Amino acid sequence: MPSSFATYPSLAGMPVVVSGGASGIGEAIVREFAAQGSKVGFVDLMAERGAALAAELGAAGRTVKFAATDITDTDAYQAAIRDFEAAHGPALALVNNAANDRRMERQSVTPEQWDWSIGVNLKHSFFAAQAVVPGMIRAGKGSIINFGSLSWMIMLGNLPAYTAAKAAMHGMSRSLARDWGQHGIRVNTLVPGWIMTEKQLTTIVGDAENTMIDAGQALRGRVYPADVARMALFLAADDSQMISAQDFIVDGGWAH
């Protein structure tokens, strides 16, 4: 049965870079871009899972390249992006998806934990953008999609460094949108709600959580990784060519 979802001609053949692409929302993003015919390069620490995903999609005729990379190692991450460029051409879409919302009780957070959280939730996004922007400037177009979070909007606790990083992501997106907009580069923030990833479904979401989701969302049902990925497709495609410095919340209409 044919899909009822959109196909974007501008994504066919487009070089795309995705971080945290081996599982969860990132895996859905990789799969959705590959299905559009994009040339996808993605990084993740999960080496076996990332390699298996790339092999699966490659066997299906998709153009996908994986690099097992620590995004907090800026030199290594930028080198991986250069390798993707050598293989696929300069990225015209960058999806800064990778993050880690590890809980931290505020009184026990160490400086090292704080710096780690900022590195894995914010810093890598800027330096990935720094690596792809020269190619976007040469092309006169491009889309950078930074991932924000509802967590700071709804005042979740025990996430001080994570919420600080994610709130900063929104500000960084708007600043970079101004800096690079005259080159045809769009920078937006994609904000997931409570997404039913494999991790959520197997280790976190139970009866109490389902009750909370039912009360919080305006829409019935659950938000899945593919729902977020389809918003990323739109933001990368030429269909959004005059949209920049905006937040796009995919949360089922959560009250916040």
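**View 1. Pro134 is partly exposed in this predicted model.** Pro134 sits in helix H4, which covers residues 111–139. Ala93 is 41 residues away along the chain from Pro134, and their C-alpha atoms are 12 Å apart.

**View 2. The largest pocket holds about 1500 Å³ of space.** Its lining counts 43 residues. Ala99, Asp101, Tyr162, Lys199 and Gln200 are the ones nearest the pocket centre. Five helices each give at least two lining residues: H1 (24–35), H4, H5 (160–180), H6 (198–204) and H7 (207–216). H6 contributes the most, with 4 residues. The lining splits into 20 nonpolar, 14 polar and 9 charged residues.

**View 3. The second largest pocket holds about 170 Å³.** Ser3, Phe5, Ala6, Thr7, Tyr8, Glu32, Ala35, Gln36, Arg230 and Leu233 line this pocket. Two or more of these residues come from H1, and two or more from helix H8 (225–236). By class, 5 are nonpolar, 3 polar and 2 charged.

**View 4. The structure has 1 cavity of 30 Å³ or more.** The largest cavity holds about 60 Å³ of space. Residues in its lining include Pro15, Val16, Val17, Lys39 and Val132. Ile81, Phe84, Glu85 and His88 also line the cavity, as do Gly89, Pro90 and Ala91. Strand S1 (15–19) and helix H3 (74–88) each supply at least two lining residues. H3 has the largest share, 4 residues. The lining has 8 nonpolar, 2 polar and 2 charged residues.

Conventions
Residues numbered from 1 in each chain as written. Predicted model: local features only at pLDDT ≥ 70, side-chain atom pairs only at ≥ 80, totals over all residues. Heavy atoms only, no water. 1 Å grid on protein atoms, 1.4 Å probe; cavity = no way out; pocket = protein on both sides within 12 Å on 5 of 7 lines; lining within 4 Å. Points joined across faces, edges and corners; volume = space filled by probe spheres on them. Nonpolar A, V, L, I, M, F, W, Y, C, P; charged D, E, K, R; others polar. Buried < 20%, exposed > 50% of the residue type's maximum accessible area, 1.4 Å probe, protein only.
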